[in-house]
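Subject: Structure handover

Hello,

Here is the structure for you to look through. Please open it next to this email and follow along.

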Amino acid sequence: MRTNSTTMHPQRTILLLTCLALFSACRQKNDTGAIMQNQTAQQTLKKNGHDVFSLSLMRFPALLLLLSMLFSSCHPSQEETHKPTPYNLPQPVFFPTANNIPADNPMTEEGVALGEKLFFNGVTPNRHGIPTGCASCHHPEYSFEGGPEATLEHLGTEHTMLPLINLVWNTSGLGWKGEVETLEDMVYAAVTSPVEINTDTSEVVRYLQQDEAYPELFLKAFGSSEITFVGVEKAIAQYVRSLVFANSKFDRYLRGEEQLSQDELNGYMLFITEEGADCFHCHGGGSNALFTTNLLYNNGLDAEYHGDFKAPTLRNVALTAPYMHDGRFHSLDEVIDFYSDSVQYSEFISPLMHHVMQGGIRLTPQEKQQLKAFLNTLTENELP
Ligand code: HEC
Ligand code: HEC
C-alpha cells in the first residue's frame, strides 16, 4: 500500500489544532509571565543605558514561547525554576507506613536544611539578647528532651518534655494531651506560648530578616526569598519529621544483626506478655516498633482523677528522665517499682491496666532488672 506523503495525517491535524487551542488557552497566563520577565530585562537594560534593545529582545521570548507551546503544555514559570530535591524519608522495618506529611508541605532536602538551621539557631532573642528557639529546650543528646535537670520547676512549663523522635509516624495528635494536630501547629504553639519561646510571629520574621543567609535558604526551600512565618512553620516541621530513630540494639536484634543477652530477652518477654509485665498494649513492641501507640491513657499514677496522658515512646527511654507528665520519677527503677507495686485504682484507670487489683504487675527483683535491661536496648547508639 502506498502512502501519500503530502497528505496530512488525521493525527497531525488533531495535534496542530490542539497546539493552537493550547496556545490561546495558555496565552493569557504565560504572557503575564513573559511580560514580567521582560520588564525585569528592560529594567536591567535601562540601568545599563541600553533600553533601545529592549523592544527587539521582547520578540525573542515570544517566539520561544510559541515553540515551547508546540512541544509541551503550559507550565507557570515559577514552578519550572523552583525544583527542590525530594527528601528520602527512610521506612524502617516494623514501622507503620501511614505518616503525617501534609500535601502542602512535602519534605525536601532544602526544607529540612532550613528547618534544622531555624531549630538550632533560634527564632528570637531572649531578654538577655541570647538567640532562643526549639534547641534551647529540646537537646539532641537527650533524645530531644531537656535532660535530667528539665524538671517542672526548672522548665516552668505545665508538663515535662516529650522526645522529638519518629513523630512523622504519629497520626494521632501531639503533646501530653494530644491536643495539637500538626507539627506545623506545634511550631506556632511553641513560638507563641508564654512559657516557651514567648514571642509573636512578626517578631520572628523581623529577627530572621537580620540574618543574610535566610533569603537564599527560603528561596531554595519554597521558591521565594521572602521570609514568612508559614515558611518557618513548614521548614521546622520538615526538620522534626526527619528525626528518625531506628538503630538501637533492639532494632539490630529485630533485623537479625545482633543477639540480645538472656536478661534482655527475658525482659522483652515480660514486656510483651499480659501475664508478664504487660506493657505492650500501650507502648508497642516488636510488631509496633515505634514503642508507643501515640494514644492517651490513665495508667494509675494517682487515686484521684488526673486525666489521660500520652503514653510516650519508650525508644531512648534511658535518656528521657525525669519521667511522666509531671516528672515525678527520676530513674527507670522508680518507674518499674511503680508499675510493679503501686498502681492506684480509680474509676478512670485504663482497662488495659489489668493488674491494678494486685497493685501492679508484682515483679521479683530479678524480673525488674530484666525489664530494665530490655528497656535499655531501646537506646540509639548514635544521636545527631
Ligand atoms: C521552654 C522549653 C521549650 C521550647 C523552647 C520548645 N519546646 Fe517543644 N515541648 C516542650 C514541652 C514542655 C513539651 C510538652 C508540652 C505538653 O504537652 O504539655 C513540648 C512538646 C513538644 C512537641 C510534642 C512532642 C510529642 O511527642 O507529642 C513537639 C513536636 C515540640 N515540642 C516541638 C517544639 C518545637 C518545634 C519548638 C521550637 C519552635 C519547641 N518545641 C520549643 C518544651 C519546649
Ligand atoms: C494502660 C496503658 C499503659 C500501660 C499498660 C503501661 N504504660 Fe507506661 N505509660 C502510659 C502512660 C499514659 C504514660 C504517661 C503517664 C503520665 O505521665 O501521666 C506512661 C509513661 C511511662 C513511662 C515514662 C516515659 C517518659 O518519657 O516520661 C515509662 C518509662 C513507662 N510508661 C514504661 C512502662 C512499662 C515498663 C510498662 C509495663 C510494665 C508500662 N509503661 C505499661 C501508659 C501505659
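Below is what came out of it, ligand by ligand and then through the fold.

Ground rules. This is a predicted model: local features need pLDDT of at least 70, side-chain atom pairs count only at pLDDT 80 or more, and totals for chains, interfaces and linings use all residues. Residues are numbered from 1 along each chain as its sequence is written, while chains are lettered from A and ligands numbered from 1 in the order in which they are written.

Overall fold

The chain has 14 helices and four strands. Helices (H or I, at least four residues) and strands (E, at least two) are DSSP runs, numbered from the N terminus. Of its 384 residues, 28% count as buried. Buried means 20 or more other C-beta atoms within 10 Å of a residue's own; exposed means 12 or fewer, and partly exposed is in between, with C-beta atoms placed from the backbone. Take the contacts between residues at least 6 apart in sequence: 63% of them join residues at least 24 apart. A contact here is two C-beta atoms, placed from the backbone, within 7 Å.

Ligand 1

Ligand 1 has 25 residues around it. A residue counts as near if its C-beta atom, placed from the backbone, lies within 6 Å. The closest are Cys-134, Cys-137, His-159, Gly-175 and Ala-190. Two helices, α6 (183-192) and α9 (229-241), supply at least two residues each. The most come from α6, with five. By class, this shell has 17 nonpolar, six polar and two charged residues. The classes: Ala, Val, Leu, Ile, Met, Phe, Trp, Tyr, Cys and Pro are nonpolar; Asp, Glu, Lys and Arg are charged; the others, Gly among them, are polar.

Ligand 2

Ligand 2 has 24 residues around it, and Cys-279, Cys-282, Phe-309, Met-324 and His-325 come nearest. Here α12 (280-283) and α13 (332-341) are the elements that give two or more residues. The largest share is from α12, with three residues. By class, the shell around ligand 2 has 17 nonpolar, six polar and one charged residues.

Core and helix packing

The largest nonpolar core has 55 residues. Such a core is a set of buried Ala, Val, Leu, Ile, Met, Phe, Trp, Tyr and Cys residues joined through C-beta atoms within 7 Å. Ile-236, Val-240 and Phe-271 touch the most other members. Elements that give two or more residues to this core include α4, α6, α9, α11 (262-271) and α14 (365-376). The most come from α9, with six residues.

How do α4 and α9 cross? The axes of α4 (residues 109-121) and α9 come within 7 Å and cross at roughly 95°. Axes are lines fitted to C-alpha atoms, for helices over the stretch in contact, and angles run from 0 to 180 degrees between N-to-C directions. The two helices are therefore roughly perpendicular. That label covers 65 to 115 degrees; under 35 is roughly parallel, over 145 roughly antiparallel, and the rest oblique. On the α4 side, the residues in contact include Gly-111, Leu-114 and Phe-119; on the α9 side, they include Val-232, Ile-236 and Tyr-239. By class, this contact has eight nonpolar, three polar and two charged residues.

Ala-321 and Pro-322 are joined by a cis peptide bond, with omega about -5°. Pro-322 sits in the loop between β4 (309-310) and α13.

Two residues other than glycine have positive phi. Ser-143 has phi near 55°. Its loop runs between β2 (131-132) and α5 (152-155). Ser-143 is buried, with 25 other C-beta atoms within 10 Å. Asn-166 has phi of about 55°. This residue is in the loop between α5 and α6. Asn-166 is also buried, with 24 other C-beta atoms within 10 Å.

Two partly exposed positions

Tyr-297 lies in strand β3 (residues 296-297). It counts as partly exposed, with 18 C-beta neighbours inside 10 Å. Leaving out residues up to four places away in sequence, Tyr-297 touches Cys-282, Asp-308, Ala-311, Ser-350 and Leu-352. Its C-alpha is 9.5 Å from that of Met-353, 56 residues apart along the chain.

Glu-196 lies in the loop between α6 and α7. Glu-196 is partly exposed, with 18 other C-beta atoms within 10 Å. The C-alpha atoms of Glu-196 and Leu-155 are separated by 8.7 Å, at 41 residues apart along the chain.

Best wishes
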